[in-house]
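Try each task before you read its solution.

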Amino acid sequence: MDDSIENIVSGGNEDELRFEVESLRSALDSVSQAVFIHDSSGGTYFANQVAKELENARHEEAGLMRAINEAVDSALNGRFKEQSFSIFGPPKRDFIIRTTSVGERLALGVITIVDDLTVRNQLDTIRRDFVANVSHELRTPIGALGLLAETLAFEDEPSVRQRLANRIQNEAFRVAKIIDDLLDLSRFESEGAASISRVSMPELAMEVIDQISPAAELQRVTIDLRLNSEDTYVLGDRGQLRSALTNLIDNSVKYSEPNSSVLVEISQNNSTVTVAVVDHGIGIPQKDIERIFERFYRVDQARSRQTGGTGLGLSIVRHAISNHNGTIEVDSREGAGSTFKIHLPIEPGANQ
(Lines give C-alpha, C1' and ligand atoms only; values in the text may rest on other atoms or scores of the structure.)
Protein backbone atom coordinates (compact mmCIF):
# COMPACT_ATOMS: atom_id res chain seq x y z
CA MET A 1 0.00 0.00 0.00
CA ASP A 2 1.29 3.46 -0.87
CA ASP A 3 0.46 5.47 2.24
CA SER A 4 1.42 8.84 0.75
CA ILE A 5 -1.27 11.44 0.28
CA GLU A 6 0.67 13.92 -1.83
CA ASN A 7 -1.58 13.47 -4.83
CA ILE A 8 -4.72 14.52 -2.98
CA VAL A 9 -3.19 17.86 -1.95
CA SER A 10 -2.89 20.29 -4.85
CA GLY A 11 -1.63 23.81 -5.36
CA GLY A 12 1.25 25.76 -3.81
CA ASN A 13 4.96 25.33 -4.20
CA GLU A 14 6.87 22.22 -3.20
CA ASP A 15 7.65 23.35 0.37
CA GLU A 16 4.05 24.37 1.02
CA LEU A 17 2.83 21.09 -0.41
CA ARG A 18 5.20 19.07 1.77
CA PHE A 19 4.10 21.03 4.85
CA GLU A 20 0.41 20.45 4.06
CA VAL A 21 1.02 16.74 3.47
CA GLU A 22 2.92 16.25 6.74
CA SER A 23 0.38 18.30 8.68
CA LEU A 24 -2.49 16.26 7.25
CA ARG A 25 -0.71 12.98 7.93
CA SER A 26 0.06 13.98 11.54
CA ALA A 27 -3.50 15.14 12.11
CA LEU A 28 -4.97 11.88 10.82
CA ASP A 29 -2.50 9.81 12.84
CA SER A 30 -3.49 11.63 16.04
CA VAL A 31 -7.23 10.90 15.87
CA SER A 32 -8.69 7.93 17.74
CA GLN A 33 -10.72 6.68 14.76
CA ALA A 34 -9.34 4.49 11.99
CA VAL A 35 -9.25 6.51 8.75
CA PHE A 36 -8.86 4.89 5.32
CA ILE A 37 -8.67 6.78 2.02
CA HIS A 38 -9.52 4.64 -1.01
CA ASP A 39 -9.00 5.56 -4.65
CA SER A 40 -11.74 5.35 -7.26
CA SER A 41 -10.98 1.67 -7.92
CA GLY A 42 -11.27 0.73 -4.22
CA GLY A 43 -7.58 0.39 -3.47
CA THR A 44 -6.31 1.67 -0.12
CA TYR A 45 -4.49 4.91 -0.80
CA PHE A 46 -3.82 5.94 2.80
CA ALA A 47 -4.37 4.51 6.27
CA ASN A 48 -3.67 6.36 9.50
CA GLN A 49 -1.93 4.69 12.44
CA VAL A 50 -5.12 3.27 13.98
CA ALA A 51 -6.21 1.89 10.59
CA LYS A 52 -2.84 0.19 10.11
CA GLU A 53 -3.23 -1.47 13.50
CA LEU A 54 -6.60 -2.85 12.39
CA GLU A 55 -5.10 -4.17 9.16
CA ASN A 56 -2.25 -5.89 11.03
CA ALA A 57 -4.30 -7.11 13.98
CA ARG A 58 -5.28 -10.65 14.95
CA HIS A 59 -7.63 -12.86 12.98
CA GLU A 60 -10.64 -11.58 14.99
CA GLU A 61 -10.42 -8.32 13.01
CA ALA A 62 -10.62 -10.14 9.66
CA GLY A 63 -14.41 -9.91 9.73
CA LEU A 64 -14.19 -6.18 10.41
CA MET A 65 -11.88 -5.65 7.42
CA ARG A 66 -14.35 -7.56 5.23
CA ALA A 67 -17.14 -5.30 6.44
CA ILE A 68 -15.00 -2.23 5.67
CA ASN A 69 -14.28 -3.48 2.14
CA GLU A 70 -17.98 -4.16 1.55
CA ALA A 71 -18.83 -0.63 2.74
CA VAL A 72 -16.24 0.80 0.32
CA ASP A 73 -17.66 -1.23 -2.60
CA SER A 74 -21.14 0.07 -1.79
CA ALA A 75 -19.86 3.64 -1.57
CA LEU A 76 -18.13 3.37 -4.95
CA ASN A 77 -21.53 2.40 -6.37
CA GLY A 78 -23.08 5.50 -4.82
CA ARG A 79 -24.56 3.82 -1.75
CA PHE A 80 -23.04 5.54 1.26
CA LYS A 81 -24.07 4.10 4.59
CA GLU A 82 -23.37 3.86 8.28
CA GLN A 83 -23.28 0.39 9.77
CA SER A 84 -22.47 -1.31 13.06
CA PHE A 85 -20.16 -4.25 13.42
CA SER A 86 -19.31 -6.33 16.51
CA ILE A 87 -16.50 -8.73 17.30
CA PHE A 88 -17.86 -11.05 19.94
CA GLY A 89 -14.47 -11.93 21.35
CA PRO A 90 -14.00 -12.28 24.21
CA PRO A 91 -13.73 -9.45 24.88
CA LYS A 92 -16.64 -8.09 22.87
CA ARG A 93 -15.81 -5.06 20.74
CA ASP A 94 -18.24 -2.74 18.96
CA PHE A 95 -17.51 -0.60 15.89
CA ILE A 96 -19.35 1.75 13.58
CA ILE A 97 -18.27 2.14 9.93
CA ARG A 98 -18.98 5.34 7.95
CA THR A 99 -18.18 6.08 4.33
CA THR A 100 -18.15 9.36 2.41
CA SER A 101 -16.75 10.60 -0.89
CA VAL A 102 -13.43 12.43 -1.17
CA GLY A 103 -14.40 16.03 -1.79
CA GLU A 104 -17.50 16.49 -3.92
CA ARG A 105 -16.67 14.02 -6.67
CA LEU A 106 -16.86 10.27 -6.14
CA ALA A 107 -14.30 9.85 -8.93
CA LEU A 108 -11.62 10.92 -6.42
CA GLY A 109 -12.38 7.99 -4.12
CA VAL A 110 -13.90 7.18 -0.73
CA ILE A 111 -13.03 7.99 2.88
CA THR A 112 -13.89 5.33 5.44
CA ILE A 113 -13.96 6.16 9.16
CA VAL A 114 -14.15 3.33 11.71
CA ASP A 115 -15.08 4.28 15.28
CA ASP A 116 -14.35 1.86 18.14
CA LEU A 117 -17.38 2.22 20.43
CA THR A 118 -16.33 -0.53 22.87
CA VAL A 119 -15.34 1.68 25.80
CA ARG A 120 -18.28 4.04 25.26
CA ASN A 121 -20.75 1.15 25.21
CA GLN A 122 -19.14 -0.40 28.28
CA LEU A 123 -19.49 2.91 30.15
CA ASP A 124 -23.14 3.18 29.08
CA THR A 125 -23.73 -0.35 30.40
CA ILE A 126 -21.98 0.48 33.67
CA ARG A 127 -24.10 3.62 34.08
CA ARG A 128 -27.34 1.72 33.42
CA ASP A 129 -26.36 -1.05 35.82
CA PHE A 130 -25.29 1.51 38.40
CA VAL A 131 -28.65 3.32 38.32
CA ALA A 132 -30.53 0.02 38.46
CA ASN A 133 -28.41 -1.23 41.37
CA VAL A 134 -28.76 2.01 43.35
CA SER A 135 -32.52 1.94 42.84
CA HIS A 136 -32.68 -1.68 43.98
CA GLU A 137 -30.41 -1.17 47.00
CA LEU A 138 -32.35 1.87 48.23
CA ARG A 139 -35.80 0.45 47.51
CA THR A 140 -35.43 -2.36 50.06
CA PRO A 141 -34.59 -0.29 53.18
CA ILE A 142 -36.89 2.57 52.18
CA GLY A 143 -39.76 0.12 51.69
CA ALA A 144 -38.98 -1.41 55.07
CA LEU A 145 -38.99 2.03 56.68
CA GLY A 146 -42.48 2.70 55.33
CA LEU A 147 -43.87 -0.62 56.55
CA LEU A 148 -42.24 -0.32 59.97
CA ALA A 149 -43.50 3.24 60.44
CA GLU A 150 -47.02 2.21 59.42
CA THR A 151 -46.97 -0.70 61.87
CA LEU A 152 -45.56 1.49 64.63
CA ALA A 153 -48.38 4.00 64.21
CA PHE A 154 -50.99 1.36 65.18
CA GLU A 155 -49.01 -0.50 67.85
CA ASP A 156 -49.78 0.08 71.54
CA GLU A 157 -47.48 -2.48 73.19
CA PRO A 158 -44.38 -0.59 74.49
CA SER A 159 -41.94 -3.48 73.95
CA VAL A 160 -43.13 -3.98 70.38
CA ARG A 161 -42.97 -0.24 69.71
CA GLN A 162 -39.38 -0.20 70.98
CA ARG A 163 -38.46 -3.14 68.76
CA LEU A 164 -40.04 -1.44 65.73
CA ALA A 165 -38.26 1.82 66.53
CA ASN A 166 -34.93 -0.05 66.68
CA ARG A 167 -35.66 -1.63 63.29
CA ILE A 168 -36.45 1.79 61.83
CA GLN A 169 -33.19 3.13 63.22
CA ASN A 170 -31.26 0.23 61.68
CA GLU A 171 -32.86 0.68 58.27
CA ALA A 172 -32.23 4.43 58.37
CA PHE A 173 -28.57 3.71 59.21
CA ARG A 174 -28.42 1.33 56.25
CA VAL A 175 -29.73 4.00 53.87
CA ALA A 176 -27.25 6.52 55.25
CA LYS A 177 -24.39 4.02 54.84
CA ILE A 178 -25.30 3.39 51.19
CA ILE A 179 -25.43 7.13 50.50
CA ASP A 180 -22.12 7.74 52.29
CA ASP A 181 -20.42 4.96 50.32
CA LEU A 182 -21.86 6.29 47.05
CA LEU A 183 -20.53 9.77 47.84
CA ASP A 184 -17.09 8.38 48.73
CA LEU A 185 -16.96 6.30 45.55
CA SER A 186 -18.05 9.24 43.39
CA ARG A 187 -15.47 11.51 45.00
CA PHE A 188 -12.64 8.98 44.63
CA GLU A 189 -13.51 8.42 40.96
CA SER A 190 -13.67 12.12 40.10
CA GLU A 191 -11.00 13.72 42.28
CA GLY A 192 -8.16 11.21 42.29
CA ALA A 193 -5.85 11.66 45.28
CA ALA A 194 -6.94 15.20 46.11
CA SER A 195 -5.06 16.05 49.32
CA ILE A 196 -1.48 14.77 49.37
CA SER A 197 0.43 14.52 52.65
CA ARG A 198 3.00 12.30 54.36
CA VAL A 199 1.01 9.42 55.88
CA SER A 200 2.31 7.00 58.51
CA MET A 201 0.76 3.66 57.56
CA PRO A 202 1.30 2.07 61.04
CA GLU A 203 -0.35 5.07 62.71
CA LEU A 204 -3.24 4.99 60.24
CA ALA A 205 -3.72 1.24 60.72
CA MET A 206 -3.82 1.65 64.52
CA GLU A 207 -6.49 4.36 64.18
CA VAL A 208 -8.63 2.12 61.98
CA ILE A 209 -8.19 -0.88 64.29
CA ASP A 210 -9.21 1.22 67.32
CA GLN A 211 -12.33 2.28 65.44
CA ILE A 212 -13.31 -1.26 64.41
CA SER A 213 -12.29 -3.10 67.61
CA PRO A 214 -15.58 -2.59 69.53
CA ALA A 215 -17.59 -4.24 66.73
CA ALA A 216 -14.95 -6.97 66.42
CA GLU A 217 -15.19 -7.71 70.15
CA LEU A 218 -18.95 -8.16 69.83
CA GLN A 219 -18.26 -10.82 67.19
CA ARG A 220 -15.48 -12.31 69.36
CA VAL A 221 -12.88 -11.54 66.66
CA THR A 222 -9.45 -10.21 67.59
CA ILE A 223 -7.42 -7.89 65.36
CA ASP A 224 -3.62 -8.18 65.51
CA LEU A 225 -1.21 -5.62 64.06
CA ARG A 226 2.26 -6.69 62.96
CA LEU A 227 4.81 -4.07 61.92
CA ASN A 228 8.08 -4.80 60.14
CA SER A 229 8.98 -1.14 60.66
CA GLU A 230 7.32 1.65 62.60
CA ASP A 231 8.71 4.27 60.20
CA THR A 232 6.64 3.36 57.16
CA TYR A 233 5.32 6.35 55.23
CA VAL A 234 3.67 7.01 51.89
CA LEU A 235 2.68 10.24 50.19
CA GLY A 236 -1.04 10.22 49.62
CA ASP A 237 -4.56 11.27 50.52
CA ARG A 238 -4.99 10.28 54.17
CA GLY A 239 -8.78 10.18 53.92
CA GLN A 240 -8.78 7.82 50.96
CA LEU A 241 -6.14 5.53 52.46
CA ARG A 242 -8.08 5.44 55.74
CA SER A 243 -11.26 4.53 53.85
CA ALA A 244 -9.44 1.73 52.02
CA LEU A 245 -8.01 0.24 55.22
CA THR A 246 -11.33 0.60 57.04
CA ASN A 247 -13.23 -1.27 54.35
CA LEU A 248 -10.65 -4.07 54.11
CA ILE A 249 -10.33 -4.66 57.87
CA ASP A 250 -14.07 -4.24 58.49
CA ASN A 251 -14.87 -6.79 55.76
CA SER A 252 -12.40 -9.28 57.22
CA VAL A 253 -13.98 -8.93 60.66
CA LYS A 254 -17.53 -9.25 59.36
CA TYR A 255 -16.79 -12.40 57.38
CA SER A 256 -14.71 -14.06 60.10
CA GLU A 257 -16.03 -16.78 62.34
CA PRO A 258 -16.40 -16.14 66.11
CA ASN A 259 -13.26 -16.79 68.18
CA SER A 260 -10.98 -16.23 65.17
CA SER A 261 -8.48 -13.47 64.41
CA VAL A 262 -7.64 -10.94 61.70
CA LEU A 263 -4.00 -10.05 61.06
CA VAL A 264 -2.98 -6.66 59.67
CA GLU A 265 0.68 -6.72 58.59
CA ILE A 266 2.61 -3.73 57.25
CA SER A 267 5.95 -4.19 55.52
CA GLN A 268 8.10 -2.35 53.02
CA ASN A 269 10.98 -2.73 50.61
CA ASN A 270 12.96 -0.11 48.71
CA SER A 271 10.05 0.93 46.52
CA THR A 272 6.79 -0.39 47.98
CA VAL A 273 4.74 -0.40 51.17
CA THR A 274 2.56 -3.50 51.50
CA VAL A 275 -0.45 -3.80 53.80
CA ALA A 276 -1.77 -7.35 54.15
CA VAL A 277 -5.13 -8.08 55.79
CA VAL A 278 -5.46 -11.80 56.59
CA ASP A 279 -8.54 -13.53 57.98
CA HIS A 280 -9.61 -17.11 58.60
CA GLY A 281 -13.25 -16.62 57.65
CA ILE A 282 -15.60 -18.03 55.07
CA GLY A 283 -13.37 -17.25 52.09
CA ILE A 284 -14.34 -16.38 48.52
CA PRO A 285 -15.18 -18.91 45.77
CA GLN A 286 -12.76 -18.76 42.85
CA LYS A 287 -15.58 -17.93 40.42
CA ASP A 288 -16.33 -14.72 42.35
CA ILE A 289 -12.81 -13.34 42.91
CA GLU A 290 -12.65 -11.49 39.58
CA ARG A 291 -15.93 -9.68 40.34
CA ILE A 292 -15.63 -8.73 44.01
CA PHE A 293 -14.40 -5.20 43.16
CA GLU A 294 -17.52 -4.42 41.10
CA ARG A 295 -20.06 -2.01 42.55
CA PHE A 296 -22.78 -3.78 44.57
CA TYR A 297 -21.39 -7.24 43.85
CA ARG A 298 -21.85 -9.58 46.79
CA VAL A 299 -20.52 -13.11 47.12
CA ASP A 300 -23.13 -14.06 49.73
CA GLN A 301 -26.28 -11.97 49.49
CA ALA A 302 -27.84 -13.31 52.70
CA ARG A 303 -24.65 -12.87 54.78
CA SER A 304 -24.14 -9.37 53.39
CA ARG A 305 -27.66 -8.34 54.42
CA GLN A 306 -27.01 -9.60 57.95
CA THR A 307 -23.72 -7.72 58.26
CA GLY A 308 -25.13 -4.50 56.79
CA GLY A 309 -22.79 -4.42 53.82
CA THR A 310 -23.58 -2.09 50.91
CA GLY A 311 -21.60 -3.97 48.25
CA LEU A 312 -19.51 -0.85 47.61
CA GLY A 313 -16.64 -1.34 50.06
CA LEU A 314 -14.19 -3.18 47.81
CA SER A 315 -15.00 -0.90 44.90
CA ILE A 316 -14.03 2.04 47.13
CA VAL A 317 -10.80 0.23 48.07
CA ARG A 318 -9.92 -0.38 44.41
CA HIS A 319 -10.42 3.27 43.42
CA ALA A 320 -8.58 4.63 46.46
CA ILE A 321 -5.54 2.41 45.81
CA SER A 322 -5.64 3.11 42.06
CA ASN A 323 -5.59 6.86 42.81
CA HIS A 324 -2.26 6.26 44.57
CA ASN A 325 -0.78 4.27 41.67
CA GLY A 326 -1.01 1.18 43.84
CA THR A 327 -2.27 -2.34 43.25
CA ILE A 328 -4.38 -4.81 45.20
CA GLU A 329 -4.26 -8.60 45.10
CA VAL A 330 -6.48 -11.28 46.60
CA ASP A 331 -5.70 -14.83 47.67
CA SER A 332 -8.67 -16.73 49.02
CA ARG A 333 -9.95 -20.25 49.50
CA GLU A 334 -13.57 -20.99 50.28
CA GLY A 335 -13.88 -22.00 53.92
CA ALA A 336 -10.24 -21.19 54.71
CA GLY A 337 -10.11 -17.39 54.71
CA SER A 338 -8.81 -14.56 52.55
CA THR A 339 -5.70 -12.41 52.22
CA PHE A 340 -5.93 -8.95 50.69
CA LYS A 341 -2.67 -7.15 49.94
CA ILE A 342 -2.39 -3.53 48.87
CA HIS A 343 0.90 -2.32 47.44
CA LEU A 344 1.62 1.41 47.50
CA PRO A 345 4.68 3.05 45.94
CA ILE A 346 7.09 4.82 48.24
CA GLU A 347 7.64 8.30 46.89
CA PRO A 348 11.21 9.67 46.93
CA GLY A 349 12.00 10.94 50.41
CA ALA A 350 8.80 9.63 52.00
CA ASN A 351 10.60 7.39 54.50
CA GLN A 352 13.56 9.63 55.22
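Keep in mind that this is a predicted model.

**Exercise 1.** Work out the order of the strands in the open sheet, and which are the edge strands.

*Solution.* Step across the sheet of 5 strands and you read β2-β1-β5-β4-β3, with antiparallel pairing. The edge strands are β2 (44–47) and β3 (82–87), since each of these pairs on one side only. On average, neighbouring strands of this sheet are turned by 20° against each other, direction ignored.

**Exercise 2.** Which strands does helix α3 lie across?

*Solution.* Locate α3 at residues 62–76. The helix lies across β1 (34–38), β3, β4 and β5. Compared with β4, helix α3 runs at about 20°.

**Exercise 3.** Decide whether R220 and N325 count as buried, partly exposed or exposed.

*Solution.* First, place the residues. R220 sits in the loop between α6 (201–218) and β7 (221–227), while N325 sits in the loop between α10 (313–322) and β11 (327–333).

Next, check the backbone. R220 is not a glycine, yet its phi is positive, near 60°; N325, also not a glycine, has a positive phi of about 55°.

Finally, apply the cut-off: exposed means over 50% relative accessible area. R220 has 48% relative accessibility, so R220 counts as partly exposed. N325 has 63%, so N325 counts as exposed.

Methods: Residues numbered from 1 in each chain as written. Predicted model: local features only at pLDDT ≥ 70, side-chain atom pairs only at ≥ 80, totals over all residues. Heavy atoms only, no water. Pairing = 2+ DSSP bridges. Helix = DSSP H or I, 4+ residues; strand = E, 2+ residues; numbered from the N terminus. Axes fitted to C-alpha atoms, helices over the stretch in contact; angles between N-to-C directions. Contact = heavy atoms within 4.5 Å. Buried < 20%, exposed > 50% of the residue type's maximum accessible area, 1.4 Å probe, protein only.
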